[in-house]
Each structure stands twice: as C-alpha cells, then as structure tokens.
Amino acid sequence: FIYADVHGVFGNLFCDFGVTFVVRDPFGEPPKEFFIGHVEKVSRDQLNIKVYGDRRHQLETGNVVRFTELCGMTELNDRAFVVNIISASEFFINVNTDSLSPYTGGGMGTQVIVPQVQSYESMLKQLRQPTIVTTDLSRPTEGLMLHLTFLALAKFRQDKGRYPEPWDESDWISFRQGFQVLLELFPDKVRSCLCGACMKCFGLDYIMTITV
C-alpha cells in the first residue's frame, strides 16, 4: 500500500509493505570490490585484512565480503565473512586460523548484498502514533504540526467537499476546530509536545501556505 499527497511545497508519503517485507537490495548501489594487499593472523580466531596500496574498502561493520583469488590461505577462497572495520583500509574477520595455510599474496574481496527483512506498521497506527524525524532542532514540533495539518486538511475536505480558501477566516475556524478534534485522538505524550499557542501559530502558517 502506497499513499502520496502534495499541496504546493508540502507533501507526505506513506508506504506499508507488510510485517515481513524482504528488501533484496537495501543499498541500491553496486557491491564494493577491492584488491587485498596483506592478510595477517592476529590470533587463533582473528584475521586482519588490509586493502592493497592506499585504496579504501568502503565497507561498514556488519557487511559481508567474499574472498577470491587468494594465493596461500586458499581455504578462504569463495567463502563469505562478516567484517569488522578497523580503518578505511583495514578490517578483520573472525575465523579459526589454525587450519589456514600462510598467505603469500594477491586476492580480491567482493561485498555480498544480503537481503534484509523489514517490518512496516499500518497506516492507522502511524496516523495516531507517527514516527517523526526531526531535521531542525530549533523547531522540534514542526514535524508533528505538519502531520496534524495534513490530517486536518483531509478532515476539512471530507466535511465540506473542498479545501479551505486562502485567508478565509471562517474556513480557518473550521480547520482549527478539526485540528483540535484530531489532536485529542493522539496519546498524551504527543499532545504534551504541542502548546495552544504553537498550534495556532504553526497551524495558521501552514494552512495558509499549503492552500495558496
């Protein structure tokens, strides 16, 4: 289920792909590849791998890498391991090193794209308990105000069959009343974030901007 709505410079988008949605390409980028410059046995269960020259592996801790074309230590070829980052050019893997032959050179590492299972909440739950990402710390309630404004606009349109007219006082009163009704449906912790003065200031500002 995908919902999208746009009003002037404002818009909202909601996606619900179910509780067990498999994302086969979480990053949307080609797998990282790099040449291996050195492999060192650090302990019985840890190998340090350094990228060739001054290049970078561009990996993150938790990524999975498959090794190929290793000379010496061939036991690692065509096997995949979770990496732990040490620096931009070095990482380590956990593996039993007792049975590995000495590393003599060469090798390539290729990132393995691992599918991820993601869970999405229903639109009804997110309408009442939205997950808001704050982008402007100086205006921490702005995201909630926009969310409520869109809901109030939808309620106004449902009640009157149209959107509010810009700078129309009676429409503003109707919108504000709907805004207050919707606010009462939210949990106490959400309502406590918004004072009456902020509601009127933000609400009036947004409703006039969105409908112009």
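For the lining classes, Ala, Val, Leu, Ile, Met, Phe, Trp, Tyr, Cys and Pro count as nonpolar, Asp, Glu, Lys and Arg as charged, and the others, Gly among them, as polar. The model is predicted: local features need pLDDT of at least 70 and side-chain atom pairs pLDDT 80 or more, while totals for chains, interfaces and linings use all residues. Residues are numbered from 1 along each chain as its sequence is written, and side-chain values use heavy atoms, with hydrogens and water left out.

**The largest pocket**

A pocket is an open set of points on a 1 Å grid over the protein atoms alone where a 1.4 Å probe fits, with protein on both sides within 12 Å along at least five of seven lines; lining residues have an atom within 4 Å of a point. The largest pocket holds about 620 Å³ of space, the volume being that filled by probe spheres set on the points. Its lining comprises 24 residues, with Asn12, Leu13, Phe14, Leu127 and His147 nearest the centre. Two or more lining residues come from each of strand S1 (2-7), strand S2 (10-15), helix H1 (123-128) and helix H2 (142-160). Helices (H or I, at least four residues) and strands (E, at least two) are DSSP runs. H2 gives the most, with 8 residues. By class, the lining has 15 nonpolar, 7 polar and 2 charged residues.

**Salt bridges**

A salt bridge places a side-chain nitrogen of Lys or Arg within 4 Å of a carboxyl oxygen of Asp or Glu. The whole structure has 5 salt bridges, including those tabulated here.

| Pair | Closest N and O atoms |
|---|---|
| Lys32 and Glu29 | 3.3 Å |
| Asp159 and Lys155 | 3.3 Å |
| Asp98 and Arg44 | 2.6 Å |

Asp98 lies in the loop between S10 and strand S11 (103-105) and Arg44 in the loop between S4 and strand S5 (46-51), so the pair ties together parts 54 residues apart in sequence. Asp159 and Lys155 are 4 residues apart in helix H2, about one helical turn.

Buried means under 20% relative accessible area, exposed over 50%, and partly exposed in between (1.4 Å probe, protein chains only). Glu90, in strand S10 (residues 90-94), is buried yet has no salt bridge; the nearest side chain of opposite charge, Lys50, is 4.8 Å away. By contrast, Arg24 is exposed, at 63% relative accessible area. Arg24 belongs to the loop between strand S3 (21-23) and strand S4 (33-43). Neighbours within four places in sequence aside, Arg24 is in contact (heavy atoms within 4.5 Å) with Ile113 and Pro115.

Key: Lys, Arg positive; Asp, Glu negative; His and termini not counted.
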